[in-house]
Amino acid sequence: MTINIGVIGTGAIGREHIRRCSTVLQNARVVALNDINRDNCQQIVDQLTPEARIYDNAIDLINDPQVNAVLVTSWGPTHEAFVLAAIEAGKAVFCEKPLAVTAEGCLNIVEAEIKAGRQLVQVGFMRPYDSGYRALKAVIDSGEIGEPLMLHCAHRNPEVGDSYTTDMAITDTLIHELDVLRWLLNDDYVSAQVIFPRKTRKASSHLRDPQIVLLETTKGARIDVEIFVNCEYGYDIQCEVVGESGIARLPEPMSVQLRSAAKLSTTILTDWKKRFIDAYDVELQAFINNVMSGEMTGPSAWDGYAAAVAADACVAAQNSGKIVPVKMAVKPAFYR
Ligand code: NAP
């Protein structure tokens with residue numbers, strides 16, 4: 001069986017996912033493409049998917065009976081409408097983060113899915129598919145370190161462009177921690193606070209960098225996440241879980257240990273695409289398998305909503321300097 005996929009948005013991550021579907025993954029082929037810029041689609045047809053049809057209108061792509069499942073990899077503010085249209089058409093949809101740019105938009109999707117009577121949405125949070133995070137979760141779930149009490153995390157990028165703003169440290173960067181830490185702890189957030197240490201001279205004049213986000217969970221665990229997007233030295237993701245009887249750390253990506261020129265060293269990655277390249281493959285293969293089995297697993301529309309609510313609280317905390325409550329709606333039985 002082969003799943004025919006339609007892709008909306010053929011920019012950076014869209015192209016990566018199309019390459020994956022065409023050259024790495026099993027049981028999938030890209031048959032339809034849409035982008036606001038038609039030339040982007042044409043390039044992909046020329047280079048990767050000669051048989052794919054180009055649509056000028058994303059809704060027509062979604063409604064094409066030949067398309068079994070939809071990938072939404074366009075600009076964030078367009079996601080909600082495309083995901084709702086896919087649900088309306090009864091089609092499985094993989095939506096890159098964010099599911100919608102507001103928590104209210106995510107709830108619209110949750111409600112549409114409940115009305116449709118089956119889960120159709122997988123959100124593109126890939127860290128739960130990373131082998132390191134999976135190994136870390138297995139240790140926590142085994143009880144070996146006791147109950148998790150504190151998490152010390154860091155999300156560092158070598159640099160960001162001038163268009164990167166202070167709130168994007170939450171909505172574009174921390175959003176991955178907001179998702180994966182909930183999953184890791186099987187817990188939800190109750191409050192958020194943001195602290196701004198001394199600013200690096202490497203950041204643009206309008207950007208406050210670094211930042212420290214402090215989160216509290218329903219079970220009382222405390223989490224600190226350093227976000228430092230002009231750290232210069234590499235793309236570095238850290239996560240240390242302090243439990244009642246031990247400490248578990250996210251493994252470093254595999255890298256050869258080098259003894260040379262009187263130094264012992266390992267390379268630190270600089271490109272985010274490489275850090276989670278395997279996780280992207282596994283998450284998208286999981287989506288294709290879900291479409292084949294008819295049962296959606298992985299980050300759900302509810303998880304997309306939960307991350308959005310927490311992100312909203314963090315942005316409010318950036319602006320107010322106060323501890324801001326994270327107020328989630330009651331989780332519908334549909335997602336339990
Ligand atoms: P990008 O390179 O700007 O690509 C987005 C593409 O969507 C562009 O080709 C854009 O065209 C097109 N587009 C914009 N509005 C559209 C519309 N109404 N209909 C159809 N196509 C439209 O951005 P990206 O880096 O690929 O990011 C895309 C999404 O993936 C974002 O939501 C981002 O947060 C997410 N993402 C997730 C990860 C992850 O780690 N999971 C990593 C990267 C990105 P124009 O360029 O002409 O506007």
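## Ligand site

The ligand is surrounded by 25 residues, of which the closest are Ile 13, Asp 35, Glu 96, Lys 97 and Tyr 280; a residue is near the ligand if one of its heavy atoms lies within 4 Å of it. This is a predicted model, in which local features need pLDDT of at least 70, side-chain atom pairs count only at pLDDT 80 or more, and totals for chains, interfaces and linings use all residues. Residues are numbered from 1 along each chain as its sequence is written, and side-chain values use heavy atoms, with hydrogens and water left out.

The shell around the ligand holds 10 nonpolar, 12 polar and three charged residues. Here Ala, Val, Leu, Ile, Met, Phe, Trp, Tyr, Cys and Pro count as nonpolar, Asp, Glu, Lys and Arg as charged, and the others, Gly among them, as polar. Helices α1 (12–23) and α4 (79–88) each supply at least two residues of this shell.

## Polar contacts and burial

The side chain of Asp 35 places an N or O atom 2.7 Å from an oxygen atom of the ligand. For Ala 12, a backbone N or O atom lies 3.0 Å from a ligand oxygen atom, and for His 176 a side-chain N or O atom is 3.4 Å from an oxygen atom of the ligand. Taken alone, the ligand exposes 900 Å², and the protein buries 73% of that (Shrake-Rupley method, 1.4 Å probe).

## Overall fold

The protein chain has 10 helices and 15 strands, taken as DSSP runs (helices H or I, at least four residues; strands E, at least two) and numbered from the N terminus. Its radius of gyration is 20 Å, close to the 20 Å that the globule rule gives for 336 residues, so the chain is as compact as a globular protein of that length. The radius is taken over C-alpha atoms, and the rule is 2.2 Å times the number of residues to the power 0.38. The C-alpha trace spans about 55 × 55 × 45 Å along its principal axes.

## Backbone exceptions

Most residues other than glycine have a negative phi, and most peptide bonds are trans. The bond from Lys 97 to Pro 98 is cis, with omega near -5 degrees; Pro 98 is in the loop between β5 (92–96) and α5 (103–116). Asp 209 and Pro 210 are also joined by a cis peptide bond, with omega about 5 degrees, and Pro 210 is in the loop between β8 (189–195) and β9 (211–217).

Asn 27, a residue other than glycine, has a positive phi near 65 degrees. Asn 27 lies in the loop between α1 and β2 (28–34).

Notes:
Polar contact = N/O pair within 3.5 Å; in protein donor to acceptor, adjacent residues only side chain to side chain.
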